[in-house]
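Welcome, and please open the model in your viewer. We will select a few helices and a core, one stop at a time.

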Amino acid sequence: MSQNHPLSSLLRQSQNISGLEPAKATDSIVQSIYHTAQKIARETVQMPGSRIQNLDRRLDNIFLSRIWGYPVMLILLTMILWITIIGANYPSSWLASGLFWLEERLTQGLQFLDAAAWVHGFFIEGVYRSVAWVISVMLPPMAIFFPLFTLLEDAGYLPRVAFNLDYFFKKAGAHGKQALTMCMGFGCNAAAIVSCRIIDSPRERLIAALTNNFTPCNGRFPTLIAMATLFIGGSSLVLGTQLMATLTVAGFILLGIILTFVLSYFLSRTLLKGEPSSFILELPPYRSPRIGQVIIRSVMDRTLFVLARAIIVAAPAGAITWILANTYIDGTSLLSSFAAFLHPFASHMGLDGFILMAFILGLPANEIVLPILIMAYVSGGSMMELESLGDLRQLFVVEHGWTWLTGICFMLFTVCHWPCGTTLYTLQKEQKNAYWTFMAFLLPTCTGILLCVSVNYLVQFMHLL
Amino acid sequence: MHACMTLDRLLPGCFALVEEVQAQGITRRRLLDLGLVPGTIIQAIHRSPLGDPTAYQIRGAIIALRQEDTLQIRIIPFEGT
């Protein structure tokens with residue numbers, strides 16, 4: 001207890017009276033508090049039957065078991081992703097057709113008003129289209145994933161994940177509660193960085209914050225899902241291909257988790273040296289989740305919040321992209337020049353200039369990387385209706401020469417590249433140290449570049465393509 | 001009554017009385033805050049899949065502790081509930 005604490009003078013008095021040394025006096029105070037509490041509890045509280053507790057232990061025997069603990073975690077993750085992928089398919093295409101139907105009506109309206117071509121281009125092809133893409137690609141997976149994840153949270157499963165994974169975090173020199181902040185990262189990395197406050201040791205809190213970006217957030221895994229479906233699942237609804245797409249996304253998420261451990265280990269041996277601090281974690285009783293409340297909470301608080309933020313960012317980003325695509329200097333658009341400038345570097349990473357540019361322009365929010373890329377591709381070439389993933393496949397594979405390697409490198413870079421603007425801003429606000437904010441930018445970016453270049457050259461070297 | 005030992009050696013399912021918390025500083029404070037004062041009944045519940053941490057029942061709550069911390073808690077095991 002600090003010297004200035006109002007109770008510290010009381011504590012000193014108690015030491016004087018009892019004649020005990022300071023530590024002993026504190027101990028005896030705590031002890032007497034607990035003995036009194038115990039006495040009161042015994043007289044007044046009736047313990048419920050042990051049936052519920054036995055059920056909890058039986059569940060823990062599965063979820064925390066040596067044999068089933070990790071498989072159950074993986075199965076739950078895969079199941080959530082699978083339901084998300086299957087469930088998002090239909091609403092995504094409905095939303096896309098609906099929004100593009102509306103686009104046609106708006107275009108007709110502008111034609112009727114005899115508006116200038118740039119008005120149509122700027123507002124419809126720029127702003128409207130990018131917003132439409134964010135909604136149709138991002139909303140369905142979010143609206144399914146968030147409630148499912150909140151169900152697990154509500155049921156009391158997440159602390160069990162922390163319990164199962166603590167051994168790895170301890171080996172990495174980090175805190176077991178980092179598992180919880182990592183799980184928060186699936187929702188939003190910026191929110192997860194705030195949640196790192198649950199870790200008391202400043203060193204371990206910083207490790208958790210710096211490595212959080214390796215968990216693909218809600219702005220990124222719809223991109224992963226779209227890519228996996230594009231290159232593995234196709235647009236078919238065959239069970240086997242969907243399962244393969246699910247396993248691919250799960251694999252990339254697992255890679256992110258492994259990288260979290262590797263980078264935590266690296267940090268705690270180099271920049272953030274130190275011993276793991278003590279770890280105390282409560283495993284709360286299981287509860288049957290309140291489904292209605294979970295859906296309302298996750299849709300209102302999370303899905304709509306994240307979507308609104310994405311739209312707020314997507315509209316100006318779409319406008320800027322359109323301007324860049326339609327401002328010509330010496331016959332080349334600014335967008336194409338920028339992409340051409342990035343291309344030599346990007347091609348080492350198995351990407352192309354447009355993809356890297358989309359990631360850079362997507363700094364404000366990861367949700368808009370794919371829409372920007374689509375717009376950059378579309379505005380350069382022939383106009384087309386993009387109503388389904390099949391059309392997307394046509395655009396990427398046929399018109400821009402993507403291979404499965406491009407897909408893999410795109411997904412790799414989606415999992416590891418700089419955190420979005422909001423996350424960096426939040427980190428700066430939490431740590432108030434530009435050096436660590438810069439490290440949070442550098443660490444995943446270097447990892448991503450290294451991974452992409454290695455995979456690209458390994459595949460080429462082994463003539464797998 | 002068995003001889004005194006440290007909490008990390010208590011097997012899952014077994015009960016013990018806390019004799020002394022030897023940890024110092026912030027860890028000691030945390031452990032005391034959980035109610036791990038001398039005389040408290042504690043039961044080991046689960047080991048995590050890789051053997052560490054372990055979950056204990058302390059005053060009706062399930063609390064997970066790492067081995068480094070449980071090494072510093074001396075206990076007296078006893079039979080039954």
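A crossing is left-handed if the near helix is turned anticlockwise from the far one by less than a right angle, and right-handed if clockwise. The model is predicted, so local features need pLDDT of at least 70 and side-chain atom pairs pLDDT 80 or more, while totals for chains, interfaces and linings use all residues. Residues are numbered from 1 along each chain as its sequence is written, chains are lettered from A and ligands numbered from 1 in written order, and side-chain values use heavy atoms, without hydrogens and water.

First, select helix 18 (residues 421–431) and helix 19 (residues 434–461) of chain A: their axes come within 9 Å and cross at roughly 150°. The two helices are therefore roughly antiparallel (angles over 145 degrees), and their crossing is right-handed. Now show side chains: Leu424(A), Leu427(A) and Gln428(A) of helix 18 meet residues of helix 19 including Trp436(A) and Phe441(A) (contact means heavy atoms within 4.5 Å).

Next, select helix 14 (residues 353–361) and helix 17 (residues 404–415) of chain A, which pack at about 20° with axes 12 Å apart. That makes helix 14 of chain A roughly parallel to helix 17 of chain A (under 35 degrees). Among the residues of helix 17 that meet helix 14 is Phe410(A).

Stay on Phe410(A): among its contacts are Thr223(A), Met227(A) and Trp402(A). Phe410(A) is also one of the residues touching the most other members of the largest nonpolar core, which has 123 residues (buried Ala, Val, Leu, Ile, Met, Phe, Trp, Tyr and Cys joined through side-chain atoms within 4.5 Å; buried is under 20% relative accessible area, with a 1.4 Å probe and protein chains only).

Conventions: Axes fitted to C-alpha atoms, helices over the stretch in contact; angles between N-to-C directions. Helix = DSSP H or I, 4+ residues; strand = E, 2+ residues; numbered from the N terminus. Parallel < 35°, antiparallel > 145°, perpendicular 65-115°, else oblique. Buried < 20%, exposed > 50% of the residue type's maximum accessible area, 1.4 Å probe, protein only. Lists of a residue's contacts leave out its neighbours within four places in sequence.
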